[in-house]
Amino acid sequence: MQKQQKKAVGHVYIHVFGFASKLGGDPMRGISRLLSVFLHSIQERKPKFPDFGIGKWESEGGILAQFFGFFRNGDLWFRSPSHWVLRIRNRRKLPEETPAVKENENLDRAECGELIEDGGGHMGAINLDDSELEENRKGSSFSVQHLAVSNEINEIQRILKRGGSEVDVFLDQLAPAISVGLAIKVMESEKDVRLSFRFFLWAVRTKHLKKSWDLHNLMIAILWESKEFEAAWEVLKRIEGEGQKISVAPFIVLMSAYAKAGMVEKAIESFTVMKKFSCKADIFTWNTLIHILLTHQGIQIANVLYRRMLKVGCRPNLYTFNILIDGLCKAGKVQDALALFDEMTAKGITPNTMTYTSVLHGLCQTGRTDEASKLLGSMKENNCSKDIVLYNAMIDGLCKARKVDRAFELFHSLEELNICPDVYTYNSLIHGLFKAGKFDEARKYFRDWFEGQATPSLVSYTLMIDEFCKADKIDKAFELLTVMTANQCLPDTYCYNTLIKGLCNVRQIDKARALKLEMAQKGCPPDDATYTTLIHGLCKEGLVDEAHRMFDEMSRIGLFPTVMTYNILINGLCNAGEVEKAYILFYKMEMGNNPSLFLSITQGSDSIADGADFQALVERLCNSGQILRAYKLVRRLIESGVMPDTVTYNTLMNGLCKADKLEGALKLFKGMLLKGYRPDVYTYNILINGLCRANRDADAFTLFNQMAGKGCNPNVATYKTLMISLSHRGRLSQAFQLWINHISQRSGINNQDFCNIQLIQKIFEEGNLVEAFRTVVKMDMMQDAADSGAYCIIIIALYKAGRLDDALKLVGIVQEHNLDLTASTYVLLITGLCEDSRLTAAVELFRESLERGILLKSPVCNKILRGLCLQGRKDKAHDLLNEMIHAGYDLKIFLDYNSRALLEIGGPTSTI
């Protein structure tokens, strides 16, 4: 074999040696690859390497190559993992480096121009002159680089296609030359998911590749796009059969890909089968599962799994707490989130900006802005960085709590902190101004900010449209819709829903229907909120049958009614007197698509009586490793139909009571308790009112006495309902005593209040009702708890007991404190005074109602006017008539025939 002749290129001689067998028969490909390394080194001017170190160069296309570089006898040698050798002889005197070369490198025989032979090896010689070198320096080496990368990809793919247990051995030999960039190219170019997954399994146990999240994300994307999950499981089973150890990485990837594809049950199953592969879940695996559950309505299971994770000795990290705290806050369980926050700090884990943002958002959403402000201040002590997302959460919370001044203070502080507000900041502040009733300021800021500093978003426009609709300025709202469309900001379904709601509020139901059709034509399909809004509008107009048809239309087009949709239609049916239809709709709502669900979860060893039982069952299943079964149970409850809430039960019970079907309401109440629902004060008030109307006072008081024991305190309406019932039955003393009891049960009662209550009780027991009443009103005024409705109940009771003078004395006490009487109180007292021939007092009381803007019913107005005329005081009657006109009475409607005749006024069509 002949030696290649040397040719000088400046001061550099180039000799390339190698073995053809390592390249599959084409030595020039390997030569080109190694030459690209050399040319790129000259181009980038980085020709320095440590003795026997690993060297690599980056380019726009990724890693060019990876190799061993060393000096020997003043020459620079490169050796690639595939055993191609490149020797660069420098005529200049380079500093002598470590000359030692291991014998097995087989380089001692390699002299200038000699071939290192090993079973049919070939030599390739590359000769470059100065002009060629300059051309490569300008960038022509890119094509050579591309060829080198392609060759390495092909070589790896050939190894993968061979299969067998030796794949890892061959890939391990190439490992130093396989960078993250090259690994990504291998996976992207491989069309067979099995081979991509097989390469990924090798990569995630290779030291310099296993921590690359780019590789993990790419494998997730490949599985998600191809949906060839079974191919991945086949590879795992084959590797397990070969006796190789499997890391957690493939399971994390499979779980994430399944979840991304909406196959949550498969994701959970992937976690549960890890034990079969002798693989123990680490913190990253637990975090992945918890995150999947939190994003797919599995917060109950996520909490249980966190506690399970602690029991098996897996320590949570910052990400664990962040995803759990965020999930709890979004679910409205802020107190649980705060407890977890304290647990996190107790474990020595420092919260980061994401943690604080989640907690701040949760506190603000529940109106706990003072606590949120303290938490924001504590961030400075913990040296935690702040960003605009965090401040937006705080500003938005303050605005929703109507603390807009504090929100603006925080906004103005952003400049000092060098934090730039964004469109979300402006939207929150504008919304806050509207909520505070500062409409002009809100519109001014909208113009100033979005004309000079920022571009309004779709949310910005929708916010303004919503405020115009709330102010019944529908024309202005549609004008703004035209402006935003002209500014290339197209409305979405939510924006259209806002307009539809505005039209329904001003009773333009036909235009609302038309807008629903228009939005569908413009690529914004109606959603459940669109239908719910229209159903509400139709029910308000009394068009219940059409509302029911629209409700049925929802399921035909693939939309599912929400609990609010059901509540609105049930309420509409009840108000229309169609209680039976409301009842049927309720059961349809409860049973949904699975009528046997209730029976299946209320019988057997896993029976569920209430929410606590359900939570206990979930914990029991998770702790026994049956996570998938627990999740399926939760999903069955969610997907079986829309579960009624307390509002649903209240709406139907109220309808039944109004329809005089009290037994049906009580039966529904018992069913509500059996199914674990907690009645609220409105539930009890509805039933107590129904019982009182049915003359079942004893049962009403029994239910009243049960309230506190069920954790539900009576409110003012509860007491007033019972007081009305007692007063109707002439039990005035009991009614007044009940109000005294209510006062004593108020929160914040101090020693002085307690003494006053005892004094009231003593005066009342002595029979001096008027003085006791005066003391009650005085005490209520001091506590800012005056309730003229309750006082009017006592006044009416006195009148009905034939004690008109005492009733008028109580009226005088109410008037002293500038409190309003109810319309019914005015009517009864004026009627009583007229019947007692005390017309002057009746007119004075009527004039007071006019001054307070309280319009009374027609009969009492005619009674006073006729009384004045019959006493020969027609001029006084005409004066009163003019006062009535100014107060807003329509005399064409209010005056009857007899009054017109006495007042010498023509018929209803004549001008008054």
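Biologist: Which residues are buried in helix 15?
Modeller: Thr-369, Ala-372, Leu-375, Leu-376, Ser-378 and Met-379 are buried in helix 15 (under 20% relative accessible area; over 50% is exposed, in between is partly exposed; 1.4 Å probe, protein chains only). They cover an arc of only 170 degrees around the axis, which puts them on the same side of helix 15. The arc is that of the directions from the helix axis to the C-beta atoms. Helices are DSSP runs of H or I with at least four residues, strands are runs of E with at least two, and both are numbered from the N terminus.

Biologist: What should I know about the model itself?
Modeller: This is a predicted model, in which local features need pLDDT of at least 70 and side-chain atom pairs count only at pLDDT 80 or more, while totals for chains, interfaces and linings use all residues. Residues are numbered from 1 along each chain as its sequence is written, and side-chain values use heavy atoms, with hydrogens and water left out.

Biologist: What is exposed on the other side of helix 15?
Modeller: Lys-374, Lys-380 and Glu-381 are exposed there.

Biologist: And what covers the buried residues of helix 15?
Modeller: The cover includes helix 13, helix 14, helix 16 (388–400) and helix 17 (404–413). Contact here means heavy atoms within 4.5 Å.

Biologist: How far does helix 15 reach from its first C-alpha to its last?
Modeller: It has 13 residues and reaches 19 Å, close to the 18 Å expected at 1.5 Å a residue. The expected span is 1.5 Å times one less than the number of residues. Asn-383 follows helix 15, with a positive phi near 55 degrees.

Biologist: Moving to helix 13, which residues are buried there?
Modeller: Val-334, Ala-337, Leu-338, Leu-340, Phe-341 and Met-344 are buried in helix 13. Seen down the axis, they fall within an arc of 160 degrees, so they line one face of the helix. Their cover includes helix 11 (299–311), helix 12 (318–330), helix 14 (353–365) and helix 15 (369–381).

Biologist: Where is Pro-351?
Modeller: Pro-351 is in the loop between helix 13 and helix 14. At a relative accessible area of 6%, Pro-351 is buried. Not counting residues up to four places away in sequence, Pro-351 touches Leu-318, Phe-341, Met-344, Thr-345, Tyr-356 and Cys-384. Its C-alpha is separated by 8.5 Å from that of Asn-382, 31 residues apart along the chain.

Biologist: Switching to rings, how many aromatic pairs are there?
Modeller: The count comes to 28. Trp-233 and Phe-277 form a tilted pair, 6.1 Å centre to centre with 35 degrees between the planes. Trp-233 lies in helix 7 (residues 229–241) and Phe-277 in the loop between helix 9 (264–272) and helix 10 (283–294), so the pair ties together parts that are 44 residues apart in sequence. The rule pairs rings of Phe, Tyr and Trp (its six-membered ring) if their centres lie within 6.5 Å; planes under 30 degrees apart count as stacked, over 60 as edge-to-face and the rest as tilted.

Biologist: Are Trp-233 and Phe-277 buried or exposed?
Modeller: Trp-233 counts as buried at 11% relative accessibility, and Phe-277 is buried at 10%.

Biologist: What about confidence, what does the chain average?
Modeller: The chain averages a pLDDT of 77, and 77% of the residues score at least 70. pLDDT is the predictor's confidence in each residue, from 0 to 100. Over residues 593–605 pLDDT stays under 50.
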